Amino acid sequence: MRMAIGLLLALLLCTPTLVLAVPDETGTDLAAVAPHDDPGDPCGQCLDPNNPNEWGLAFKDGDLWEVNRSVYAVHRLDENCQIVETISLNTSTYALGLGYDSVRDLWICDNPGSDIMMIFDMSGNLVDQWSTAAYGCPGPVGTTYDSTRDLYVSCCWETNGLYMWNPDGTFAGSMPVPAGSRLAGLGYDAHSDAYCYGGRDQAYMYWISAESGALLAQAPVPMGGGNNCHGTACEADGTHNAWITHYEEPNLFCVEGLGATATESVTWGELK
């Protein structure tokens, strides 16, 4: 018995200590978040080929896509931020926000001029459309796909809230935001279960819990300006960073997000 106890003590003393991840009250894994310097720190930029008509951003199969409101199209960008694929959208009006439904392989777009959500297939055909104003959201400027809840989400700059729809267009509810006004750009980071969006009046980006709406982090956007942060994509190929378009700047910007992987200053292509 004494020998068994001695062996057990020896094993305990020689075994490395394990640090268990402890979630905070929002459910965020603090141990996983720790390696990042600070959410919002710059981590890269590249010249935007769609400037000055760049708007929404989304990631599809690890590639960055951007919507161009002038030519009614979405573009896939390569490692040099050059357009390598174009899908023309069969619509008579422009799209600003862009999201990607990874379950149904569909583009999600919004239009603040007509107050509508538009859903396109990969051939650019309009397969569904509904009014956002009818559900209390005039002026949607940013949309994303919440893969955890299977919802289409849009931010509304006139009411400063987030609005949710089921993929069939039925209304699923709304969420007031804890910070920011004249909202624009919206993304979803499934790793942290968080929405990120821009507050143009503040020239800030905000990360909030998708479950509770609690504020998780905030940071100034690069360069500021009155119409900053028009399009946001929260997760880049496993880095959990946020990429944003900027109306007054010719570049796409990367800022650190809530994920566990810290990145140095790089271009979008070097992140791939």
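A disulfide is a pair of cysteine sulfur atoms within 2.5 Å. The legends below describe a predicted model, in which local features need pLDDT of at least 70, side-chain atom pairs count only at pLDDT 80 or more, and totals for chains, interfaces and linings use all residues. Residues are numbered from 1 along each chain as its sequence is written, and side-chain values use heavy atoms, with hydrogens and water left out.

**View 1. The disulfide between C46 and C81.** The structure holds one disulfide. In this link of C46 and C81 the S to S distance is 2.0 Å, and the angle about the S-S bond is -75 degrees, which makes the link left-handed. C46 lies in strand β1 (residues 42-47) and C81 in the loop between β4 (73-77) and β5 (83-88), so the bond ties together parts that are 35 residues apart in sequence. Strands (E, at least two residues) are DSSP runs, numbered from the N terminus. Both C46 and C81 are buried, where buried means under 20% relative accessible area (1.4 Å probe, protein chains only).

**View 2. The cysteine C155 and its closest cysteine sulfur.** C155 is buried, with a relative accessible area of 0%. For C109, another buried cysteine, the relative accessible area is 0%.

**View 3. The ring pair of W65 and W107.** A pair of aromatic rings is described by the distance of the centres and the angle of the planes. Rings of Phe, Tyr and Trp (its six-membered ring) pair if their centres lie within 6.5 Å; planes under 30 degrees apart count as stacked, over 60 as edge-to-face and the rest as tilted. By this rule there are eleven aromatic pairs. In one of them, the ring centres of W65 and W107 are 5.0 Å apart and the planes stand at 55 degrees, so the pair is tilted. This pair links distant parts of the chain, with W65 in strand β3 (residues 63-68) and W107 in strand β7 (residues 106-111), 42 residues apart. W65 is buried at 4% relative accessible area, and W107 is buried at 0%.

**View 4. The ring pair of Y100 and W107.** The centres of these two rings, Y100 and W107, are 5.5 Å apart, and the planes are at 55 degrees, so this pair is tilted. Y100 and W107 are both buried.

**View 5. A cluster of aromatic rings.** Which residues do ring pairs link into a cluster? They are W130, Y135, Y145, Y152, W165 and F171.

Key. Helices (H or I, at least four residues) and strands (E, at least two) are DSSP runs, numbered from the N terminus. Buried means under 20% relative accessible area, exposed over 50%, partly exposed in between (1.4 Å probe, protein chains only).
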